[in-house]
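Subject: Structure handover

Hello,

Here is the structure I said I would pass on. Please look it over before reading the notes below.

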Amino acid sequence: MAPSTTCVASQLRQLIYYNIDNNLLSNALFYAERLVAYDHRNAESQYLVSLCHFRLGDNASAYESSKSAGSRGVNLGCAYIFAQASLALERFKDGITALEKSKALWGGKNSFGKHTASSRQPLPDAAAILCLLGKLYHGYDNMHKAISCFEEALKLNPFMWDAFTNLCETGTKINVPNIFKMNPEMEAALRVGPQEPSDSQSRDQSLPKSEHDRSRPGARPASVSDVADPFNNVPSRAYGGGLFGTLGISQKLNESNPSLTNLPAAGGGGIGPEAMETPTGPSASIDVSAVQNRRDPGMSSYAGEAPPAPVRKTRTIPGLGMDFSMDAPKMSRAVSTKRAQRQPEPIEESAATQALRSNNLAPPAGERKRTVSGQVVPRQTSEDPGAPQRRSVRLFNQIRPTSTKSSSNVPNIGPAPGRELKKARPPISKIMRPSSSTSTVGRQVSGNRKPVEDSMDVDQKETHSRSWIGTVTNIPSQKSSEPELSRQEEAVRFLLELFKKFGSGYFALSRFQCSEALQIYGSLPRTQQETPWVLAQMGRAFYEQAAYAEAEKYYKRIRHVAPTRFEDMEIYSTILWHLKRETDLAFLAHELIDATWQSPQAWCALGNSWSLARDHESALRCFKRATQLNPKFAYAFTLQGHEHVANEEYDKALVSYRAGMAADKRHYNAWYGVGRVYEKLGSYDKAINHFKTASNINPTNAVLICCIGTVLEKQKLPRPALAYFTKATELAPRSALTRFKKARTLMAINELQYALEELTILKNLAPDEAMVHFLLGQLYKKLKQRGDAVHHFTVALNLDPKASQQIKEAIELLEEDEEEETSMMG
């Protein structure tokens with residue numbers, strides 16, 4: 001007989017997930033293709049094979065595998081993989097359409113707190129999909145929609161770091177504290193979310209086997225709900241009510257069938273062991289493992305220990321020939337209510353009994369047995385023939401006239417007058433003996449069973465009680481979960497505060513507020529500061545401030561902490577280029593190429609090494625290789641443009657810079673490069689426009705502002721140029737170049753005293769710079785201080801002998817001016 005299609009597909013899916021979870025992606029792809037061939041109409045099969053292709057890096061195959069179901073939005077998994085593949089293939093419109101069509105499948109879905117070491121949510125929730133949708137809109141150049149999607153993703157899940165970084169890169173103004181805070185969705189998820197296995201392992205040790213199996217993720221509960229319910233047509237909700245979750249169903253059953261008052265509450269409520277009454281003696285309970293393996297129709301499965309007799313196939317109550325549709329005397333409605341009210345007390349008794357047993361204070365072996373109501377069974381072996389029968393038993397005997405055993409010694413229901421309920425033994429859950437031809441309705445626990453099944457001593461009864469107590473004592477865990485919830489909430493709030501610092505630092509650096517970013521990162525715990533990501537961020541902040549020596553320290557630390565890291569190494573290579581560390585730069589490039597020769601950062605480092613050695617053609621080949629490896633790597637295009645400028649290939653430089661601008665519109669280096677090319681070509685208006693755009697992206701960069709002033713100075717606009725030089729000096733007070741240009745402009749507009757102040761500061765900043773002393777000589781010449789002028793001209797001549805001709809001419813002019821003045825005086 002051929003196996004069913006459902007079972008074969010289920011086994012194949014298990015194999016696929018097994019290999020995916022163990023990162024055996026080639027195996028998973030093999031089984032996924034088998035699943036598609038076997039069940040090609042199922043969208044889940046297409047999702048699994050596309051997932052394997054995508055994780056293997058085959059974006060084109062993932063796109064094609066998920067296209068039929070994903071592009072129409074009929075399957076969330078296919079739509080998500082299709083959109084991710086569309087993003088990788090730059091087919092942005094296709095991915096946007098797929099996610100928008102499947103919005104009914106993911107809108108409002110939130111999986112926060114549902115991912116633990118033992119449980120997963122395989123399909124994405126709304127926050128993850130909105131983040132992906134934002135990336136697609138960003139690639140599609142719809143910035144308004146992209147920003148909206150990123151904001152919605154962060155509202156649903158503030159831990160969506162990818163959405164936050166993308167939002168920062170768009171240049172949007174963000175109020176970071178409003179993002180990293182607890183929201184109502186997270187609080188609700190913490191209350192209902194799963195606990196880590198470490199919390200449940202200790203709990204599972206006290207559970208019976210069926211309870212442990214049911215607590216495992218994905219384990220099928222062994223309960224009556226697995227079979228058709230003969231009494232209740234209402235759909236069951238397995239284990240929804242905890243210990244007393246099925247009282248409502250049993251009350252309805254008792255009300256509709258009063259003669260079943262003493263039957264076990266085996267309705268369709270998915271009754272597990274915690275929904276049964278604690279037994280005080282041996283009952284014909286069924287081995288759960290046998291029930292799970294056999295799954296025979298009509299079998300009632302209860303958790304608990306099996307009696308010594310072999311497990312036999314039970315029959316349901318309809319199998320006994322009982323006609324429950326006939327009218328029965330309405331005698332037990334009030335009694336069932338009493339039982340419902342009395343049910344919590346046996347739990348207290350069970351907890352107390354467990355405490356006694358933990359102290360080795362077990363009841364004596366001769367303790368008398370009790371009935372279902374808790375009354376002590378009389379010490380008699382024969383039944384009283386004169387005892388009156390209950391009406392329910394008489395009715396039952398009329399239904400089953402072939403009964404061979406007497407049921408006359410059934411005790412009255414309810415406690416005797418004056419009896420304290422809290423001292424009663426817990427009532428028993430009765431299950432009908434499989435092979436008996438006599439009803440067990442209302443029978444005593446003790447008298448009338450076969451010796452193999454019923455003659456059990458007190459130790460066996462204690463074993464049963466002990467197994468059930470393990471379940472009953474589980475109930476206080478609901479109360480103990482309150483401190484656990486508060487601890488989890490406190491941990492989440494702590495993480496939000498920590499990530500608020502990370503977010504504030506990242507946002508400040510994205511706005512090029514480098515000093516503020518350094519201050520925020522410096523407030524992080526020391527262990528966090530030593531991570532490669534934070535070190536790279538702090539090094540980048542110093543690099544943007546042109547503090548290359550300080551930045552080098554952080555990147556050296558990165559190479560020590562994470563020697564295989566290649567991210568941000570292009571910045572490190574540029575820092576070494578500015579510091580003229582030719583040997584260190586060559587060694588870095590050699591290490592990166594050997595370790596990660598397929599990374600564009602390694603080729604950028606090698607290109608900078610060739611550039612520092614003034615081999616511009618070799619540098620260009622390296623930068624071109626970097627752009628081939630990653631066409632979106634804007635910095636490689638910019639470095640390529642710088643080399644073209646060095647070769648005076650201005651047209652090629654413009655092409656490279658514009659490619660960098662297309663890869664990243666906020667890459668200010670490319671805008672600066674275009675402005676510099678136009679400045680060299682004499683197109684000052686175009687140069688100023690590009691410099692201003694770059695300055696708007698990075699408003700704290702003094703070099704960009706100084707470039708604007710330089711172009712204005714070339715246009716013979718000294719006073720507007722002075723305003724930009726002054727601003728640049730305020731941003732970078734230790735920058736010698738900006739202060740030099742400011743002093744030169746002050747001299748041009750005859751603000752000699754202010755120029756002297758700037759040059760005095762500049763002389764202290766750069767005492768060995770020949771141009772500073774030369775400019776000081778010209779200033780003293782205008783101030784008619786010949787001695788100081790000659791002194792600084794001489795210092796400049798000593799510092800830069802190559803400029804001796806110009807300096808000598810200045811000295812000669814100084815002497816000629818002095819002679820003219822002397823002749824005029826004469």
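Which residues in α36 meet which residues in α37? Pro718, Leu722, Phe725, Thr726, Ala728 and Thr729 in α36 meet Thr738, Arg739, Lys741, Lys742, Thr745 and Leu746 in α37, where contact means heavy atoms within 4.5 Å.

This is a predicted model, in which local features need pLDDT of at least 70 and side-chain atom pairs count only at pLDDT 80 or more, while totals for chains, interfaces and linings use all residues. Residues are numbered from 1 along each chain as its sequence is written, and side-chain values use heavy atoms, with hydrogens and water left out.

Helix pairs

Helices here are DSSP runs (H or I, at least four residues), numbered from the N terminus. The axes of α36 (residues 718-731) and α37 (residues 736-748) come within 9 Å and cross at roughly 150°. Axes are lines fitted to C-alpha atoms over the stretch in contact, and angles run from 0 to 180 degrees between N-to-C directions. The two helices are therefore roughly antiparallel (angles over 145 degrees). Their crossing is left-handed, that is, the near helix is turned anticlockwise from the far one by less than a right angle.

A second pair is α33 (residues 668-681) and α34 (residues 684-697), whose axes come within 8 Å and cross at roughly 165°. This pair too is roughly antiparallel, and the crossing of α33 and α34 is left-handed. Among the residues making the contact are Trp671, Tyr672 and Tyr678 of α33 and His690, Phe691 and Ile697 of α34.

Nonpolar cores

A nonpolar core is a set of buried Ala, Val, Leu, Ile, Met, Phe, Trp, Tyr and Cys residues joined through side-chain atoms within 4.5 Å; buried means under 20% relative accessible area (1.4 Å probe, protein chains only). The largest has 84 residues, and Leu136, Phe164 and Ile174 have the most contacts inside it. Helix α8 (residues 126-139) gives the most to this core, with 10 residues. Apart from it lies another core, of 29 residues, including Val674, Leu704, Cys706 and Leu712.

Leaving aside neighbours within four places in sequence, Ile174 is in contact with Phe164, Leu167, Cys168, Ile179 and Phe507.

Asn166

Asn166 is in helix α10 (residues 161-169) and counts as buried, at 17% relative accessibility. Its side chain reaches the backbone oxygen of Asp162 at 2.6 Å. Not counting residues up to four places away in sequence, Asn166 touches Lys135 and Phe150.

Regards

Key: Buried means under 20% relative accessible area, exposed over 50%, partly exposed in between (1.4 Å probe, protein chains only). A polar contact is a pair of N or O atoms within 3.5 Å; within protein, one must be able to donate a hydrogen and the other to accept it, and residues adjacent in sequence count only if both atoms are side-chain atoms. Angles under 35 degrees count as roughly parallel, over 145 as roughly antiparallel, 65 to 115 as roughly perpendicular and the rest as oblique.
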